[in-house]
Amino acid sequence: MRRFAFSLFVTYLILLLFIPFLANAEITVETSLSSQSFPVDRAARLTITVSGARSADIQMVEVDGLRFHSRGQSSQVNIINGNYSSSISNNYIIEPLKPGAYTIPPLSIKAGKETIRTRTITFEVTPVGHSQTPNEGKTKGTADESDIAFIRLTEISKHYSGEVVPITIKAYFNQKYRANINSLPVLKTDAVVMSPLSNQPEQTQEELDGKIYSVLSWSTTLSGIKTGNHLILFELDATLNLPRQRRMSTFGGSNLFDDSFFNSFFGGFQQKPIKVVSPELHFKVIELPTTGRPKNFTGAIGDFRLTTSASPQHVEIGEPISLTIEIEGKGNFDRVEPPLFPTTPDWKTYSPTSDYSGKENIFSGKKRFEQAIVAKSSTLQQIPSLSFSYFDPEQERYKTITSTPITIKITQPAVPVHKQQPVQTAASLQPQSALPVVPVAGINSLTPIHLKTGKFHRKITPLYKQILFLSGVGSCFLLLLFVLLFNIHTQNLARHPELHLQKKRRQLLTESLAKISEAKVSVDSSLFLALCRQSIQQQLGLLWNIEGAAISLADIKNRLDSKTGLIEIFQAAEQAAYSTTSLSPEIMQVYSENLKKELEGLI
Amino acid sequence: MRFFRFSPQFFTALLCFLLFSPCLAATGTGDDSQNLFKLGNKAYSRGDFSAATEFYEKLTAISGYGSGVLFNLGNSYARSGQIGKAILNYERALRLAPTNSDIQSNLELVRKESGLFPREYSWSERFFQLLNLDQWTMAAFFFLVTFSTFQIVSLKRHFSVHTRWIITTACFMFFLLSLSGAFFRHPLWQPFVVTDANSSLLLSPFSSSTPTGSIQQGRLVYPEKTHDDFNYVTDETGRKGWIASSSIESVL
């Protein structure tokens with residue numbers, strides 16, 4: 001900590017030492033205007049930056065038709081790799097009062113002992129609504145919007161219906177402003193469809209009119225679905241983070257923090273939604289010509305090449321050949337269908353499968369078809385050529401391309417193929433092979449149908465969702481819980497044997513009291529007293545860990561409190577054992593209550 | 001309270017009604033089911049597969065899913081060239097009778113003859129595919145029951161620490177293994193089957209989208225998300241794309 005404070009002190013000292021030298025550095029001045037041409041209902045920002053000085057006094061001039069509003073001064077000190085520089089920027093808003101060409105004469109700036117002059121600034125103020133350049137979009141909802149963000153598009157001319165038209169959408173964001181994008185560019189028309197845009201556009205940086213822009217580029221394709229002349233535009237939602245203006249000092253004087261720098265430092269940012277809109281483009285969609293349209297034309301528009309290959313090229317009759325057809329090029333691949341294999345009795349064909357692989361973008365790629373074909377005759381010497389037709393929009397005519405025939409060798413099988421023997425097709429050789437148009441011979445060897453329906457189920461439910469299974473699982477867990485609790489209980493009893501003894505005593509007492517109660521009800525004094533004596537001996541025997549029958553009146557008197565009611569009851573019981581004693585029901589009631597109270601107190 | 005007192009005769013009658021009413025209902029629908037099943041079998045035997053398909057479909061609509069009916073329905077569809085529907089019904093039948101070798105062999109044959117081969121599986125995937133979801137679940141239940149029984153028995157009978165440790169560890173390990181198998185098989189329990197012969201996987205969920213390739217009928221696909229009438233699916237070979245909801249049918 002002390003070391004850090006020392007370093008900070010040294011840095012500060014060095015700064016103090018060097019700052020005076022800055023005054024001796026060369027003083028330069030630069031002026032910049034946010035726009036060279038702007039409408040009369042807008043304003044432009046004039047920034048005068050004086051480098052190499054710590055203070056500057058700018059003497060503004062008066063220009064007929066213009067008003068200047070000061071927007072504060074900001075100063076900056078940079079220390080980069082030991083090089084020091086300072087600059088002061090003064091911002092003014094120029095408010096035009098009427099359209100016309102304006103010239104701001106050189107301004108005098110007094111910096112230290114020097115007086116320097118700016119260059120002459122010229123610009124044009126146009127009438128209202130005359131500021132947009134072609135193909136340049138604008139933002140909605142902010143002042144000085146064209147400065148912040150706009151969209152540019154590549155030019156589009158007329159195209160055919162269904163044709164895939166590549167387009168690049170470029171969104172420009174001025175690096176002076178902080179902005180977040182909330183959406184991808186959205187196409188505003190229902191006559192043209194756009195391929196999905198990537199979530200990760202190409203990010204570059206471009207300089208336009210002396211301003212640095214961050215540029216997001218999307219390369220995509222458009223395709224007209226309705227003929228006619230359509231106006232299209234793109235919109236993009238963004239949020240602009242504007243520095244929040246701090247509250248100015250109420251005392252009127254200049255404050256230490258009265259600098260625009262502190263607007264962002266202390267004031268934070270306020271978010272403002274903006275909509276960046278592209279310029280409107282004319283997209284003319286025309287119908288494909290009907291004259292000269294080939295029969296096998298499926299709607300492919302672009303520029304394509306056709307290649308075919310076959311494997312194996314030496315087979316026996318009935319053995320499948322995998323025919324690969326590749327159509328490569330640029331265009332609307334969704335309309336590219338496989339060329340039809342000529343229908344002849346010499347060939348058995350299966351419907352092809354297709355697989356598309358795009359290249360740099362969706363506009364360019366390769367579509368690959370695989371088709372299983374089976375030769376039925378050994379006289380065949382080649383796979384016939386295949387034809388593919390498409391429309392070339394550049395030459396504005398239909399084209400048909402034909403593949404070269406593939407030479408093959410078909411031989412008779414060594415063992416003649418039985419009619420019922422399943423033919424192994426290419427489909428069974430490759431995972432992505434063809435699906436037969438008709439049931440293949442192998443299907444005939446299916447296991448025969450069942451003669452029992454099987455148990456009916458309204459719904460196919462997995463076992464783990466069935467009530468019976470869940471009940472079984474629940475029972476198991478309950479059992480395990482029971483075992484767990486039982487084991488805990490057993491272990492608890494093993495650790496505390498007195499608990500078990502206490503439980504036993506309580507149980508015996510309950511039984512004894514029940515018998516005593518019965519004797520009391522039957523008004524049998526002898527039995528009542530005998531049971532009372534037995535109960536006292538039993539409980540005290542367990543308590544003192546001696547044989548209960550061996551406990552005498554003397555033991556009770558010696559070991560228990562003399563005030564206990566048990567002595568009286570035990571004494572009466574002793575007497576009754578040797579003589580006939582008759583107790584009234586009231587006394588029996590009193591004895592039984594005392595006995596219960598005293599013995600429960602011992603537990 | 002008197003209102004709730006019923007005579008023993010009332011309870012006897014109620015019990016009889018509750019016991020026999022499902023049987024009576026079953027007898028009614030049972031006859032219809034058997035008739036439809038026989039009609040379907042007859043149509044199949046004479047080679048009228050479309051008629052057989054109609055009878056079996058009607059039977060399924062009336063009585064629900066029966067493994068035998070679904071198997072025969074699969075056969076009828078396979079014979080009439082509707083591979084997607086055939087595989088769909090074999091898959092359904094396998095959910096009800098996972099060990100039935102007839103269903104397994106016919107499903108394998110149809111898939112093989114149609115070129116519907118799955119991708120190459122890793123050894124662990126192959127291991128977990130030895131049993132289906134229900135079988136793995138049952139295995140987990142078996143080890144749970146074994147462990148519970150052992151715990152109950154051990155309350156009465158004393159086992160050595162060594163024995164207890166071996167049995168407990170074995171039950172726990174096999175239970176976990178079975179549970180893992182069930183978890184692995186669970187996402188594969190509810191596939192969809194491509195039943196449209198001209199299906200394609202699309203780049204985007206709209207019909208004019210660029211297709212990334214065709215997908216054969218009978219392919220098992222697993223939907224991940226839905227958008228309007230399209231499902232984003234992964235097929236058993238690992239290919240992904242959007243497919244029209246009308247082109248696929250759920251096994252369950």
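1. Two residues are in contact if their C-beta atoms, placed from the backbone, lie within 7 Å. By that rule B:I243 touches B:S199, B:L201, B:L202, B:I215, B:V221, B:F230, B:N231, B:V233 and B:I248, leaving aside residues up to four places away in sequence.

2. A word on the source. This is a predicted model, in which local features need pLDDT of at least 70 and side-chain atom pairs count only at pLDDT 80 or more, while totals for chains, interfaces and linings use all residues. Residues are numbered from 1 along each chain as its sequence is written, and chains are lettered from A in the order in which they are written.

3. The largest nonpolar core has 41 residues. Such a core is a set of buried Ala, Val, Leu, Ile, Met, Phe, Trp, Tyr and Cys residues joined through C-beta atoms within 7 Å. Buried means 20 or more other C-beta atoms within 10 Å of the residue's own; exposed means 12 or fewer, and partly exposed lies in between, with C-beta atoms placed from the backbone. B:I87 and B:I243 have the most contacts inside this core. Helix 4 (residues 83-96) of chain B supplies the largest share, eight residues. Domain 1 (19-113) and domain 3 (192-250) of chain B each give at least three; domain bounds come from an automatic or database assignment. A second, separate core has 29 residues, including A:V164 and A:F173.

4. Chain B has eight helices and seven strands. Both are DSSP runs numbered from the N terminus: helices are H or I, at least four residues, and strands E, at least two. Of the 252 residues in chain B, 38% are buried.

5. Now the contact between the chains. Chain A brings 47 residues and chain B 54. On the chain A side, helix 3 gives the most, with eight residues. That side has 29 nonpolar, 13 polar and five charged residues. Ala, Val, Leu, Ile, Met, Phe, Trp, Tyr, Cys and Pro count as nonpolar, Asp, Glu, Lys and Arg as charged, and the others, Gly among them, as polar.

6. In chain A, the axes of helix 4 (residues 497-521) and helix 8 (residues 585-602) come within 11 Å and cross at roughly 175°. Axes are lines fitted to C-alpha atoms over the stretch in contact, and angles run from 0 to 180 degrees between N-to-C directions. The two helices are therefore roughly antiparallel, a label for angles over 145 degrees.

7. A:E568 sits in helix 7 (residues 565-578) of chain A. A:E568 is exposed because 12 other C-beta atoms lie within 10 Å.

Notes:
Parallel < 35°, antiparallel > 145°, perpendicular 65-115°, else oblique.
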